[in-house]
Amino acid sequence: MSARVGIVVFPGSNCEQDCEKVFRDLGAEPMMVWHAEDALPDVDIVVLPGGFAHGDYLRTGALARFSPIMSAVQKHSDAGGLTIGICNGFQVLCEAGMLPGALRKNAGLKFLCKWVDLTVDNADTPFTSRAEPGRVIRIPINHFEGNWYCEPAVLDDLKANGQIVLRYADNPNGSLDSVAGLANENFTVFGLMPHPERACESILGSEDGALILGSMLDHLTAKAGV
Amino acid sequence: MTTTASLHRELGLTDDEFEQIRDRLGREPSYTELAMFSVMWSEHCSYKSSRVHLKKLPTEGPNILVGPGEGAGIIEVAPGVAVAWKAESHNHPSFVEPFNGAATGVGGIVRDILSMGARPIALMDPLRFGSLDDARTRYLVDGVVHGISSYGNSIGVPTVGGEAVFEECYAENPLVNVACLGVIEDKLMHGRAEGPGNIAILIGSRTGRDGIGGASVLASAEFDETSEEKRPSVQVGDPFSEKLLIEACLELISSGLLVGLQDLGAGGISCPTSEMTSKAGTGMRVDIDHVHRREPGMEPFEVMISESQERMLAVVEPARRDEVLEVCARWGIDANVIGEVISSDRLEIVSEGEVVADVPAAALAEEGPIYDRPLARPGWIDEVQSKLPTTTPPASLADAFMRVLSSPNIASKRWIWEQYDHMIFLGTLQGPGGDAAVIRLPDSDVRVAITTDGPGRYCYLDPYEGARLAVAEAARNIACVGAKPLAITNCLNLGNPEKEDVMWQFSEVIRGMGDACTALATPVTGGNVSFYNETKGRAIYPTPVIGMLGAFAPEAEVRGLGFIGEGDVIVLVGETDPSDLGGSEYSKVIHAEVVGTPPKLDLEAEKALLAFLAGANATIRSAHDLSAGGLAVALAEAALAGGVGFALEVDDLDHLALFSESPSRAVVTCAAAGEAAIFAAAERAGVVARRIGVVGGPNMRFGAFETALDEARSTYEGALSESLSSSIK
């Protein structure tokens, strides 16, 4: 049975269709979930896609965290379901307190849309199992607020716990410790600024994004097989 | 309220136009009526100075489903697959307020595409500024790019290319053009208010006092010292509302809920209410009390001509009213029934129970003044053309090459396009920096190519030849990436049409564009004319920006410009005339000259090159057209893009051969085994082809000199970012 993927659509989201296409190509069964719903359909994976939820007014993700669907996403995560936040979705997860830290404006004070190299710091997660530790993968970024920051003590804990999953090879935005993607303590929630859905076809420049999204599907299969 | 004698002049209407309005109405116009006429009869909305010329353009062809006169041209790019393609200008607002001017330019063209029932899927931004040595220019570049980035990225439409040209003549009249590609998802919409009894629903943002007189006092007049005071005439954009508007309208269209749809841009509510009814032979009664507003106390005329952004007008059968309002409510955008289609031909505007305007819709929309303005070839053009470009060799060819490569017109535009989301929709097979962008349509294998070109310098030296060259270069760009040129849109940017020399330039641009489009079988599907690009009496170079659309045959491969493999053979296709230096980048950068006549174009030779590129597609590994900077720059760009050097084998390439800008040429590469096939294809197409070198090594070896690729890269990549990054701090 194919994995059921719920893609949350906030007003102002704009990468939901790209995520839908890529998950379908990977053999999953994606479905859109409107932000105003207060319950999720029966899904295995929740995706918070890129975009500008609620216009990103006030602060990126600051309004989206109050959308009714977010408490259902929290419950899904509490029950062990996987959640991935891509770009704006990562910002929403940080605002919602489901991931540590915050995302500030890029150090160069410019929007950046470009290909970047990332190193896989922790390959032993449901989000990176298809890669091997230290592997360099190529995935594009597309953001103005991707400069991740947290308190130094928090960073030490995150590192010790292996929660720093992806790091920029050449830090484009000023992120603390070059962090590009990180997981929560239970490794059920993952947020990253790069867009893996944009790197799932060689004709677009790379297939490395499928390592991330495919790992999540593998995780479900492995769980079902146990 | 009646009008005073001089009021019409303040609104931008001439005494004669005021008389025509009085005659047409048979009475004095009310204040509201006069305001409506002033925007609808403005140059920007009515095309009153350009119409007599525009109708000479070729507009029909087998692929053209909808030509000029609608929101956008519609072109069939594969059996049963249609796209919308249109260019617009937002020059004047962007000079006064660069961020919002450029941002709302994006919003406007996107709604044009949407009005046809198409989903906007790609944007291009051809930009022209003054010299980067000027601090205000650097401020404008930063603001314009930020505005485009902020708006385009938020609405989730990729900006896949464009141009950035820097020339002194644009210092006080920057050109901010924008083109948009859309794909028809369900059905084509028309901006028609058919069926008396149907209702008009205004969808989108609330109406405020922003953009009052944007089309008339701002876009249809020259600039002077007081231009800064026109800032309130610039609209303010809200991309979040636009994104919701796009999704809501596409849902309304696919659900079959709409009879007609039109965007609100220049002219505000006056525009779609008069145009949609005039086209359908109907009228409309509009109760503006129902227009949702941002602020209280607005006068009726303000409501009628406000250019508040992110609004559309839909005509709907009354039975579908609730369904339409429900869709809009779900997307969180305001929608209100503001009027009803009536069987008379009149537009009746009611405010607080009182008729404040009652005019024939056609009088506003179609029966505006048409001017066949006097034109005359200016004397100065003979003087400029009679000067010959300097041909004496530079002291150092290597040094001259690096200076041309670092010119902001040649150097990499990465600083600009990295601020644009150019990847969303997963369809950008080739993005910014190539000869043309290549877009795969959503959920489809159909691929199209789009590009924009507008060589202002050539048009200054000879507007007829320059316009032909613009079309030819655009077609060449499309063919280099592997597609077949199909149709053009355009944005014609000129000075004040009330001046004879500007009007002559315009008529020559039209003649040149028309001749080239006829020869290359690429009809004109619509476009935009932006006059009054003058400040303190000084006009810009006539700058026709051509937006060319092409489609790929199912088997055709997408070709990039970058060199690919060591040992690949480099072939120069087309003939070089060493005297083609007039208006060249070399003459400007090395000798500070813009003199002589532009390069000579033979459209038959251009057609032969296009045929060669199509015929040899399977053998060609990379292809790059020759344009600004000539062969030297084309080779350097191909090497830099591919990350591999080259060695030329010919020793007869002097500065003239390297920097001549003769058209109808391209540099192509093939595997060594493909060389014979390339020459056979050249012979079949009737073009001259010459093997000039091979790909490989870390250097660019021109024969007479050589440069390390790394050194050239830091010059090429750094030129723009260094001047712009230093400016803002």
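Helices here are DSSP runs of at least four residues, numbered from the N terminus. The model is predicted. On that basis, helix H11 of chain B spans residues 270-280. Just after H11(B), Gly281(B) takes a positive phi of about 70 degrees. H11(B) itself is largely enclosed by the rest of the structure, because 11 of its 11 residues are buried. Among them are Cys271(B), Pro272(B), Met276(B) and Ala280(B). Glu275(B) and Lys279(B) are also on the buried list.

The largest nonpolar core holds 306 residues. Within this core, Ala314(B), Ile439(B) and Val471(B) touch the most other members. Helix H19(B) supplies the largest share, 10 residues. Domain 1 (11-23 + 37-54 + 190-368) and domain 2 (559-729) of chain B both contribute residues, so the core lies between them. Beyond its neighbours within four places in sequence, Val471(B) is in contact with Ile488(B), Met513(B), Ala516(B), Cys517(B), Leu520(B) and Ile546(B).

Leu469(B) lies in helix H19, residues 463-480 of chain B. Tyr458(B) is 11 residues from Leu469(B) in sequence, and their C-alpha atoms are 7.9 Å apart.

Asp625(B) belongs to strand S23, residues 622-625 of chain B. With 29 C-beta neighbours inside 10 Å, Asp625(B) counts as buried. Leaving aside neighbours within four places in sequence, Asp625(B) is in contact with Asp435(B), Glu473(B), Arg476(B), Asn477(B), Cys480(B) and Ala666(B).

Helix H7 (residues 98-115) and helix H8 (residues 135-155) of chain B have axes that come within 7 Å. These axes cross at roughly 40 degrees. The crossing of H7(B) with H8(B) is right-handed. The contact residues divide into 11 nonpolar, 8 polar and no charged. On the H7(B) side they include Pro98(B), Phe99(B), Val106(B) and Val110(B). On the H8(B) side they include Leu140(B), Val144(B), Ile148(B), Tyr151(B) and Ile155(B). Glycines take part from both helices, including Gly101(B) and Gly107(B) in H7(B) and Gly143(B) and Gly147(B) in H8(B).

Terms used
Residues numbered from 1 in each chain as written. Chains lettered and ligands numbered in written order. Predicted model: local features only at pLDDT ≥ 70, side-chain atom pairs only at ≥ 80, totals over all residues. Helix = DSSP H or I, 4+ residues; strand = E, 2+ residues; numbered from the N terminus. Axes fitted to C-alpha atoms, helices over the stretch in contact; angles between N-to-C directions. Left-handed = near helix turned anticlockwise from the far one by under 90°. Contact = placed C-beta atoms within 7 Å. Nonpolar A, V, L, I, M, F, W, Y, C, P; charged D, E, K, R; others polar. Buried ≥ 20, exposed ≤ 12 C-beta atoms within 10 Å, placed from the backbone. Core = buried A, V, L, I, M, F, W, Y, C linked by C-beta atoms within 7 Å. Domains from an automatic or database assignment.
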